[in-house]
Amino acid sequence: MLKLSCNVTDKLQSFFFSYSPVHRRIVSSSSSVSFSQVRISDPIRAIVSADQGSVIREEECLGTLADRLRLGSLTEDGLSYKEKFIVRSYEVGSNKTATIETIANLLQEVGCNHAQSVGFSTDGFATTPTMRKLHLIWVTARMHIEIYKYPAWGDVVEIETWCQSEGRIGTRRDWILKDIATGQVTGRATSKWVMMNQDTRRLQKVSDDVRDEYLVFCPQEPRLAFPEENNRSLKKIPKLEDPAQYSMIGLKPRRADLDMNQHVNNVTYIGWVLESIPQEIVDTHELQVITLDYRRECQQDDVVDSLTTSEVGGTNGSATSGTQGHNESQFLHLLRLSGDGQEINRGTTLWKKKPSR
């Protein structure tokens, strides 16, 4: 099978990005080979090489180009995946650095690209052949992110990710973020995922068939983004009890908040949690740690309340006083349905005071 050469620029310029029509031999799905004038907008089924070699079909060509243009690949041992990202202008917030939602989206993106690179589904989030056959999907059960230095617009971030088994009911995925310019670790994250039946919306244990399909791509020995004992990612999140100190009532999912699994994407919950953070904290502090436990999925027609209470030594207290002094503030969060109060998500955040300029 002919593959496109490593000189991607020459190939792209000579075929896809030429402003004038170019001659190429085209194979349609229903006709014999013939010469035709092809523009970039013309439907292409396959390309025959100039030396009349074998056919590169459309999906293979596009897949190869996507892989070549994407700045990511499996590591040498094949047990993890690394990808570089340039922070875009629309991914930064008022601090002129990437938002936590941007970071969470990049984590999800590199996780999905890792799954695709080992041959898992492109029409779902890392579903294996057995999962697709049984209508099973992965859903987030817990997400823990720690950011030590937020990248700015134009910075290049490298993210490494890998997955491992997590008991009989799920799997875990970890990430390490690095600043390409300095090599410094700028963040770490870990997550737990469980299987859900896409038709019944009920959780299901991970079968041996599914486990065998993905374990071959996992480290044989445990590898943790947070190897420290008693690290924050292991802490249990208590439920926030009424009355909350701060709230944002009546949040509604947008159509754009739904993902390909037909429920609100897990990154949207982060934005909802932050909606009830007091403005004085947002102005003077920077989010360093966020942990979320996902209790139930949220649908498009749901209405959500975001509740927040500051934690000082495990009790309610002033929003500007943290558990470890005036430089830190920690909060307990709850997302619940506005109607019947069903719990959707519980979380904690840790904020560090911004350095004075």
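A residue is termed buried when its relative accessible area is under 20%, exposed when over 50%, and partly exposed in between (1.4 Å probe, protein chains only). Helices (H or I, at least four residues) and strands (E, at least two) are DSSP runs numbered from the N terminus. The structure is a predicted model, in which local features need pLDDT of at least 70 and side-chain atom pairs count only at pLDDT 80 or more, while totals for chains, interfaces and linings use all residues. Residues are numbered from 1 along each chain as its sequence is written, and side-chain values use heavy atoms, with hydrogens and water left out.

The protein chain contains seven helices and 17 strands. Of its 357 residues, 46% count as buried. Contacts (heavy atoms within 4.5 Å) between residues at least 6 apart in sequence join, in 67% of cases, residues at least 24 apart.

Nonpolar cores were considered next, a core being a set of buried Ala, Val, Leu, Ile, Met, Phe, Trp, Tyr and Cys residues joined through side-chain atoms within 4.5 Å. The largest nonpolar core has 40 residues, and those with the most contacts inside it are Ile-100, Ile-103, Ile-145 and Ile-159. This core lies between domain 1 (66-226) and domain 2 (236-312 + 325-356), because both give residues to it; the domain bounds come from an automatic or database domain assignment. A second, separate core has 14 residues, among them Phe-120, Ala-126, Met-195 and Val-206. Within the largest core, Ile-103 is in contact with Ala-98, Ile-145, Ile-147, Tyr-150, Pro-151 and Leu-177, leaving aside neighbours within four places in sequence. In soluble globular proteins, nonpolar side chains tend to be buried together.

Helix α6 spans residues 266-275 and is mostly covered, with nine of its 10 residues buried. The buried residues are Asn-266, Val-267, Thr-268, Tyr-269, Ile-270, Gly-271, Trp-272, Val-273 and Leu-274.

Tyr-269 belongs to helix α6 and is buried, with a relative accessible area of 2%. Apart from neighbours within four places in sequence, Tyr-269 is in contact with Val-264, Tyr-294, Arg-296, Glu-297, Cys-298, Leu-335, Ile-344 and Asn-345. The C-alpha atoms of Tyr-269 and Gly-347 are 10.0 Å apart in space, although the two residues are 78 residues apart in sequence. One of the contacts of Tyr-269, Asn-345, is found in strand β17 (residues 343-353). Asn-345 is buried, with a relative accessible area of 1%. Not counting residues up to four places away in sequence, Asn-345 touches Tyr-269, Leu-292, Asp-293, Tyr-294, Arg-295, His-333, Leu-334 and Leu-335.

The structure holds four aromatic pairs. Rings of Phe, Tyr and Trp (its six-membered ring) pair if their centres lie within 6.5 Å; planes under 30 degrees apart count as stacked, over 60 as edge-to-face and the rest as tilted. Tyr-269 and Trp-272 form an edge-to-face pair, 5.7 Å centre to centre with 65° between the planes. These two residues are separated by about one helical turn because they are three residues apart in helix α6. Trp-272 is buried, with a relative accessible area of 7%. Tyr-269 also forms an edge-to-face pair with Tyr-294, at 5.2 Å centre to centre and 85° between the planes. Tyr-294 lies in strand β13 (residues 285-294) and Tyr-269 in helix α6, so this pair ties together parts that are 25 residues apart in sequence. Tyr-294 is buried, with a relative accessible area of 12%. Tyr-269, Trp-272 and Tyr-294 form one aromatic cluster.

Glu-166 is located in strand β8 (residues 156-166) and is partly exposed, with a relative accessible area of 26%. Leaving aside neighbours within four places in sequence, Glu-166 is in contact with Thr-171, Arg-172 and Lys-192. Glu-166 and Trp-193 are 27 residues apart in sequence and 8.5 Å apart in space, C-alpha to C-alpha.
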